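Thanks for coming, everyone. Please look at the model on the screen, and I will walk you through it.

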Amino acid sequence: SHLVQGTSEASFSGLRDLLGKHISEGDEVGASIVVNIDGQNVVDVWGGYFDKSGTRIWDKDTIVNVFSFTKTITSLAALILIDRGLISP
C-alpha cells in the first residue's frame with residue numbers, strides 16, 4: 001500500500017498489506033509494526049497519520065504511548081519459562 005512505508009521481508013508482505021488496508025478503511029488512523037526475529041527486524045513498517053485530522057504524518061520515529069505492554073511481555077516470558085520447565089505455574 002502507498003500508505004505504508006518502511007521495509008519488510010517478502011514472507012511478511014501480508015502484514016504490510018494488512019496495515020495499509022486498516023489505514024485506508026479507517027480502522028486505524030496510523031500505526032507502526034516491528035517484528036524482530038533472532039535480533040533482526042524482518043518487518044519495520046509505519047503509515048497513516050499521528051492525528052485524527054490527518055495533518056501530521058506518522059513517520060519512522062513517531063512516539064506513542066504504550067499501555068499495559070509489560071503485562072503481555074511478562075506473561076509471554078512466564079509461559080516460555082513454564083514451557084522450558086524452569087518454573088512451575
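This is a predicted model: local features need pLDDT of at least 70, side-chain atom pairs count only at pLDDT 80 or more; totals for chains, interfaces and linings use all residues.

I will go through the strands, the core, the charged side chains and the aromatic rings.

Residues are numbered from 1 along each chain as its sequence is written, and side-chain values use heavy atoms, with hydrogens and water left out.

Let's start with the strands. Helices (H or I, at least four residues) and strands (E, at least two) are DSSP runs, numbered from the N terminus. Two strands pair if DSSP finds at least two bridges between them. Take strand S1, residues 4-8. S1 runs antiparallel to S3, and five bridges join them. Thr 7, for instance, has Asp 44 in S3 as its bridge partner. Now take strand S2, residues 30-37. S2 is also joined to S3, by eight bridges, and this pair runs antiparallel. Ala 31 stands opposite Gly 47 in S3. Ser 32 stands opposite Trp 46 in S3.

Look at the turn between S2 and S3. Their hairpin has two residues between the strands. Asp 38 is in that loop. Its phi is positive, about 55°, although Asp 38 is not a glycine. Asp 38 is exposed, with a relative accessible area of 77%.

Next, Gly 48. This residue lies in strand S3 and is buried, at 10% relative accessible area. Contact means heavy atoms within 4.5 Å. Not counting residues up to four places away in sequence, Gly 48 touches Leu 3, Ile 23, Val 29, Gly 30, Ile 57 and Trp 58. The C-alpha atoms of Gly 48 and Leu 79 are separated by 34 Å, and the two residues are 31 apart along the chain. Compare Gly 54, in the loop between S3 and H2.

On to the core. A nonpolar core is a set of buried Ala, Val, Leu, Ile, Met, Phe, Trp, Tyr and Cys residues joined through side-chain atoms within 4.5 Å. Which residues make up the largest one? There are seven: Val 4, Leu 19, Ile 23, Ala 31, Val 42, Val 43 and Val 45. H1 and strand S3 (40-48) are the elements that give two or more residues to this core. S3 gives the most, with three. In soluble globular proteins, nonpolar side chains tend to be buried together. Follow Leu 19. Leaving aside neighbours within four places in sequence, Leu 19 is in contact with Val 4, Ala 31, Ile 33, Val 45, Trp 46 and Gly 47.

Now the charges. Lys and Arg count as positive and Asp and Glu as negative; His and the chain ends are not counted. A salt bridge is a side-chain nitrogen of Lys or Arg within 4 Å of a carboxyl oxygen of Asp or Glu. How many does the whole structure hold? The search finds two. One joins Lys 21 and Glu 25, at 3.3 Å, N to O. Lys 21 is partly exposed, at 40% relative accessible area. The side chains of Asp 44 and Lys 60 also meet in a salt bridge, at 2.9 Å, N to O. Asp 44 lies in strand S3 and Lys 60 in the loop between S3 and helix H2 (69-83), so the pair ties together parts that are 16 residues apart in sequence. Asp 44 is buried, at 16%.

Arg 16 sits in helix H1, residues 13-24. Arg 16 is buried yet has no salt bridge. The nearest side chain of opposite charge is Asp 17, 5.5 Å away.

Last, the rings. The whole structure has one aromatic pair. Rings of Phe, Tyr and Trp (its six-membered ring) pair if their centres lie within 6.5 Å; planes under 30 degrees apart count as stacked, over 60 as edge-to-face and the rest as tilted. Phe 50 and Trp 58 have ring centres 6.2 Å apart and planes at 65°, so the pair is edge-to-face. Phe 50 is partly exposed, at 32%, whereas Trp 58 is buried, at 8%.

Conventions. Buried means under 20% relative accessible area, exposed over 50%, partly exposed in between (1.4 Å probe, protein chains only).
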